[in-house]
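Here's a quick run through one model, question by question. Have the coordinates open and follow along.

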Amino acid sequence: MLLASSQTDSFKIIPEHEEIEGPFADGVDVTDTCLECHEQQADDFMQTTHWTWSSWQQLAGKGRVQTGKRHAVNNFCIGVASNLDKCTECHAGYGWKDDNFDFDDSSHIDCLVCHDTTGEYKRLAGVGGVADLNVDLEIIAKKVGAPQRHNCGTCHFYGGGAHAVKHGDLEKTLIHADSKLDIHMNRDGLNFQCQTCHKTEKHQIPGHTMSASPAGENNVFCEDCHSAPVHDKKVLNHHSQSIACQTCHIPSYAKAEATKMAWDWSAAKKGEKKHYDEKGNLDYLPYKGRFVWQSNVVPEYAWYNGKSGIYTWGEKFDPGKEELYLNWPIGDKDDKQARIYPFKVHKGKQIFDTVHNYLINPHLTGDTGFWENVDWDSAARIGMQARGLDYSGKYGFINTITYWRINHMVEAVDNALICGDCHGPDQTRMDWSSLGYKADPLYQAGEARHSIND
């Protein structure tokens, strides 16, 4: 069972909508009632990628490419094709379990998953998303309101198949965060909701992931609220021209819960027993393979101008490569639009076709899926048929890399990085050579170029 919202003592008190009357047979029945007044809102929502999971974007070196969650490749659960019944637990609609889903039918919008304010609403797992009828849909419908953090977290805290897996800076503790976890979402301070920064118009929510929206459209910027110059010291304002705000103000991520840093699918083996690491994190499952979890992680840093490169389905690669990058930040130190940005870098080992030399989208879910029978050949045949790509019958495994931007878990000013965290002979945070420098750029011939008091 997939929880669509989490219990917390910090929900806003919402007056009941007395005009809403049940009982309701299912979630679609609730939506039909919503549509009596909100038909335009439904039409707006159906234009968003939260509904379509697809868009066309112009990408450097690739031209016009169909992107979005339906078409993205990652090294967690790999791809949506043939796995819709499970993946669409996080689709804001009811019943998308195969290609017959009608994207023009507004009655299948799940209004409650985003607008429930009680924390009681639930969706069932493995059936393409339907409302759990063990909860009172009438009570929940009467209490609908503006989305709160728990609504967005229903999916964004659980991406990658479980809690705190994918992003590293998004997890359920943010629902009732304190100032040490996130200064913006601190329940006793600013207490921002997600849309405070992700300002929404006609259900279009700005922000994107690198895999699903590599063109970098609809960005959210710190400067939307913090206009320059932000700092009192000149040297810090100078830094902000080449360093993202997040780099100094998010010194670490996964501060409350561990996040998954590596997933080795090749280690999956029928008959083995699940295993936990010394901190109690599940680090082996016979039908998923081996995992590495870490907490309080120092980000990796790269130049990023807001756009990303991506690997696309059917794209051939050199199998002799040590690692295949599935996405990567675009930019370098000579790019005036780029900033040094913090990332979670997730390492995978996943299946590919050794004849065609492209990645395989394995079928994972249901009675015929890999999670049930642990049969790579069968998973590859079914999955690639759904993806519309040929499968040669031969497979192997390749190491892969994905980047995930770090934007949340912002520290208070007093906890931001200071000069010595990144500069000097003893620092270990910045790999200056990977950023295009021969050495620490603050120093020339062993002498500081700037005074930290400038």
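Q: How do the residues lining the second largest pocket divide into nonpolar, polar and charged?
A: Keep in mind that this is a predicted model. The lining of the second largest pocket is made up of 26 residues. Sorted by type, they come out as 11 nonpolar, 10 polar and 5 charged.

Q: What is the volume of the second largest pocket?
A: To find the spot, look for Phe221, Glu223, Ala244, Gln337 and Arg339, the lining residues that lie nearest its centre. The volume of the second largest pocket is about 570 Å³.

Q: Which helix and which strand each supply at least two residues of the lining of the second largest pocket?
A: Arg339 is one of the residues nearest the centre of this pocket, and arginine 339 is also a bridge partner in E14. The elements that each give at least two lining residues are helix H10 (245-249) and strand E14 (339-353).

Q: Is E14 largely enclosed by the rest of the structure or largely open, and how many of its residues are buried?
A: Buried here means under 20% relative accessible area. By that cut-off E14 is largely enclosed by the rest of the structure, because its buried residues number 12 of the 15.

Q: Over how many bridges do E14 and strand E16 pair?
A: Two residue pairs show you where to look: valine 345 has tyrosine 403 as its bridge partner in E16, and lysine 347 stands opposite isoleucine 401. E14 and strand E16 (residues 395-405) run in the antiparallel sense, and the number of bridges is 11.

Q: In which sense do strand E6 and E14 pair?
A: One place to check is aspartate 264, which stands opposite lysine 349 in E14. Strand E6 (residues 259-264) joins E14 over 3 bridges, and the sense is parallel.

Q: Which residue in E14 is the bridge partner of tyrosine 304?
A: Strand E10 (residues 300-304) and E14 pair in the antiparallel sense over 5 bridges. For tyrosine 304, the partner in E14 is arginine 339.

Q: Which residue takes a positive phi in the hairpin of E14 and E15?
A: E14 and strand E15 (residues 358-359) run antiparallel, joined by 2 bridges, and phenylalanine 352 has leucine 359 as its bridge partner in E15. The hairpin has 4 residues between the strands, and the one with a phi near 55° is asparagine 357.

Q: Which backbone oxygen does the side chain of histidine 150 reach, and at what distance?
A: Histidine 150 sits in helix H7 (residues 149-156). With a relative accessible area of 2%, histidine 150 is buried. Its side chain reaches the backbone oxygen of aspartate 116 at 3.1 Å.

Q: Which residues of H7 are buried?
A: H7 is largely enclosed by the rest of the structure, because 6 of its 8 residues are buried. Those residues are Arg149, His150, Asn151, Gly153, Thr154 and Cys155.

Q: How far apart are the closest N and O atoms of aspartate 377 and arginine 381?
A: The two residues are 4 apart in helix H12 (residues 376-387), so about one helical turn separates them. Aspartate 377 is partly exposed at 27% relative accessibility, and arginine 381 is partly exposed at 45%. They form a salt bridge, with the closest N and O atoms 3.0 Å apart.

Q: What is the N to O distance in the salt bridge of arginine 123 and aspartate 110?
A: Both arginine 123 and aspartate 110 are buried. Their side chains meet in a salt bridge with an N to O distance of 2.6 Å.

Q: Is glutamate 89 buried or exposed?
A: Glutamate 89 meets lysine 86 in a salt bridge (3.1 Å, N to O). Lysine 86 counts as partly exposed, at 32% relative accessibility. Glutamate 89 has a relative accessible area of 8%, so glutamate 89 is buried.

Technical notes: Residues are numbered from 1 along each chain as its sequence is written. This is a predicted model: local features need pLDDT of at least 70, side-chain atom pairs count only at pLDDT 80 or more; totals for chains, interfaces and linings use all residues. Side-chain values use heavy atoms; hydrogens and water are left out. On a 1 Å grid over the protein atoms alone, a cavity is a set of points where a 1.4 Å probe fits but cannot get out, and a pocket is an open set with protein on both sides within 12 Å along at least five of seven lines; lining residues have an atom within 4 Å of a point. Grid points are joined across faces, edges and corners, and a volume is the space filled by probe spheres set on the points. Ala, Val, Leu, Ile, Met, Phe, Trp, Tyr, Cys and Pro count as nonpolar, Asp, Glu, Lys and Arg as charged, and the others, Gly among them, as polar. Buried means under 20% relative accessible area, exposed over 50%, partly exposed in between (1.4 Å probe, protein chains only). A polar contact is a pair of N or O atoms within 3.5 Å; within protein, one must be able to donate a hydrogen and the other to accept it, and residues adjacent in sequence count only if both atoms are side-chain atoms. A salt bridge is a side-chain nitrogen of Lys or Arg within 4 Å of a carboxyl oxygen of Asp or Glu. Two strands pair if DSSP finds at least two bridges between them.
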